[in-house]
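Here are my notes on the two-chain model you asked about. Have it open while you read.

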Amino acid sequence: MSVRSEDPHAVVDRLFRQEQGRAVATLIRVLGDFDLAEEAVQDAFITALETWPTRGVPDNPGAWITTTARNRAIDRLRRRRVLAEKAELLGRQALIEEELAAIDPDAALDGADSMSPIVDDRLRLIFTCCHPALAMDARVALTLRTLGGLSTPEIARAFLVPEATLAQRLVRAKRKIRDAGIPYRVPDAHALPERLDGVLRVLYLVLNEGYGASTGDRLIRRELSAEAIRLARVLGSLMPDEPEVLGLLALMVLHDARRETRTGPRGELVLLEDQDRSQWDRARIDEGQSLLERAMRMRRVGPYQLQAAIASLHDEAPTSDATDWAQIAALYRILCEIQPSPVVELNRAVAVAMADGPAAGLVLVDRIAAGGQLDDYPYLHSTRADLLRRLGRRAEAADAYRAALELTANEPERAFLAGRLTRIGAN
Amino acid sequence: MRYLLLIYGQETEEAPPDDVAAASHAAYATFTADIKARGLFQAGEALTPTSTATTVRVVDGETIATDGPFAETKEALGGFYLIEARDLDEAIETAAKIPAAQEGSIEVRPIWELPTDYAMAASGEASAGG
């Protein structure tokens with residue numbers, strides 16, 4: 001099957017998600033300049049949009065993008081060179097041009113498995129983007145923007161900040177990388193473990209963005225989740241003895257196994273309990289479970305392994321009712337101990353409600369609500385609403401559904417909540 | 001890149017006991033020798049307490065000198081190292097080895113490397129004006 005038969009615009013669109021991070025990462029390594037690299041890669045995609053519809057899509061579109069971006073970078077550098085007067089600048093630029101010419105687009109496009117971690121430019125880039133000298137929100141935004149290929153408006157929506165604020169955040173982060181000398185390399189062995197934590201957190205957020213997509217009409221951002229998984233795989237091959245890397249990868253894969261059933265034919269949200277479990281990807285579940293087993297054998301438990309264990313229990317249950325909810329509640333309790341968070345408490349409350357009934361769950365949810373930290377968190381209100389509904393307290397449930405609706409921007413989720421609200425009123 | 005490592009710590013009213021002072025001197029001697037051996041060291045000095053500081057500004061052409069540091073803070077600037085490091089990672093790693101990092105804080109500030117002719121143009125202007 002040839003890509004030539006595809007609509008060129010669709011190919012460019014898909015390719016942008018898949019390849020722009022790779023191309024940008026390679027160019028940043030050589031240029032040491034985020035903006036120049038991004039501009040060159042953008043140029044390449046614009047050229048693709050202009051030429052592919054008439055001349056056809058090349059056989060290896062990814063390599064074509066990297067090659068074209070490289071040539072655009074050389075063009076831009078030469079234009080600057082005319083302006084450059086310093087001999088030292090000229091010398092540096094000549095060196096950069098030589099290195100640019102030496103980029104092998106095919107090598108840059110190999111899969112992660114065949115690639116030594118040392119030469120994966122995206123791995124270098126992720127340690128730069130997740131550097132502790134950058135604020136956490138800047139790290140996440142930069143990783144999504146440069147590696148995930150998300151647009152600034154999309155990231156702004158994910159963070160619930162104005163676009164201008166996010167754009168400014170990106171500019172400042174790139175400026176600090178350049179001016180403070182934040183390196184573009186994988187940290188030395190002794191610094192690697194402590195730097196890893198921040199990287200895992202960013203990847204986890206990318207995955208969540210992939211599922212909880214802020215764009216509203218499309219619940220699942222397949223490319224983004226695939227990107228998070230790919231980066232986690234690369235990390236896993238770099239650090240095969242780090243159980244939390246494997247734990248995170250297992251978690252991602254175990255969630256991804258349910259991807260097809262998370263939305264209905266019109267893009268509407270389908271709850272875990274209503275999903276067609278026969279459609280879950282058995283091969284992915286097997287892969288996730290064996291990854292988790294490998295991680296658990298190292299006997300250093302952590303938050304990602306615990307979450308993967310919870311996902312694994314869901315994946316192997318034949319029905320929602322037959323799920324081992326008591327075990328899941330117990331795992332959440334351990335998770336709360338090592339990583340205290342009201343969101344984790346909320347998840348635990350849901351599991352307790354399933355194991356011991358809605359009244360038991362509601363006690364925990366009301367305690368979390370009294371804490372006040374989750375006032376603006378829609379899932380607190382929708383969870384409360386659901387428990388109240390199951391207890392037959394319809395007026396209170398309706399209030400809670402309305403509170404959740406007010407805080408939810410995601411279209412499928414809004415439709416789901418509105419549907420529940422109508423049904424309560426109709427009863 | 002060059003980085004200025006600014007050493008901030010609590011100031012004490014009284015001089016520390018001799019053995020504490022000796023241990024501190026030894027720790028700094030070891031650190032300084034280490035970064036010299038690694039080729040990172042460019043300069044480094046200890047500062048006298050902020051009680052000896054004077055802050056100067058010019059208001060409407062008048063020089064106003066006031067007693068004390070620019071800002072009264074809990075942790076005061078007590079010394080600095082100027083180092084040449086490969087990148088921020090090496091600068092952070094070096095800063096973490098400064099003895100004061102255990103109790104105080106080290107601020108890592110990259111040196112803004114201005115073009116040499118910028119500095120020359122500035123001095124030329126000054127002499128032309130004077």
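1. Some ground rules first. Two residues are in contact if their C-beta atoms, placed from the backbone, lie within 7 Å. Helices (H or I, at least four residues) and strands (E, at least two) are DSSP runs, numbered from the N terminus. Axes are lines fitted to C-alpha atoms, for helices over the stretch in contact, with angles from 0 to 180 degrees between N-to-C directions. This is a predicted model, in which local features need pLDDT of at least 70 and side-chain atom pairs count only at pLDDT 80 or more, while totals for chains, interfaces and linings use all residues. Residues are numbered from 1 along each chain as its sequence is written, with chains lettered from A and ligands numbered from 1 in the order in which they are written.

2. Strands count as paired if DSSP finds at least two bridges between them.

3. For a landmark, B:Leu6 has B:Phe80 in β5(B) as its bridge partner.

4. Over in chain A, look at helices α14 (residues 303-316) and α15 (residues 325-338): their axes come within 10 Å and cross at roughly 165°. That makes α14(A) roughly antiparallel to α15(A) (the label for angles over 145 degrees). Their contact includes A:Leu306 and A:Ile310 of α14(A), and A:Leu331 and A:Leu335 of α15(A). By class, its residues are eleven nonpolar, two polar and no charged. Here Ala, Val, Leu, Ile, Met, Phe, Trp, Tyr, Cys and Pro count as nonpolar, Asp, Glu, Lys and Arg as charged, and the others, Gly among them, as polar.

5. Helix α13 (residues 282-297) of chain A packs on α14(A) at about 145°, with the axes 10 Å apart. Among the residues making this contact are A:Gly288 and A:Leu292 of α13(A), and A:Ala309 and A:Asp315 of α14(A). The classes here are six nonpolar, four polar and one charged.

6. How many residues of chain B are in contact with chain A? Five, and they meet eight residues of chain A. The chain B side has three nonpolar, no polar and two charged residues.

Conventions. Parallel < 35°, antiparallel > 145°, perpendicular 65-115°, else oblique.
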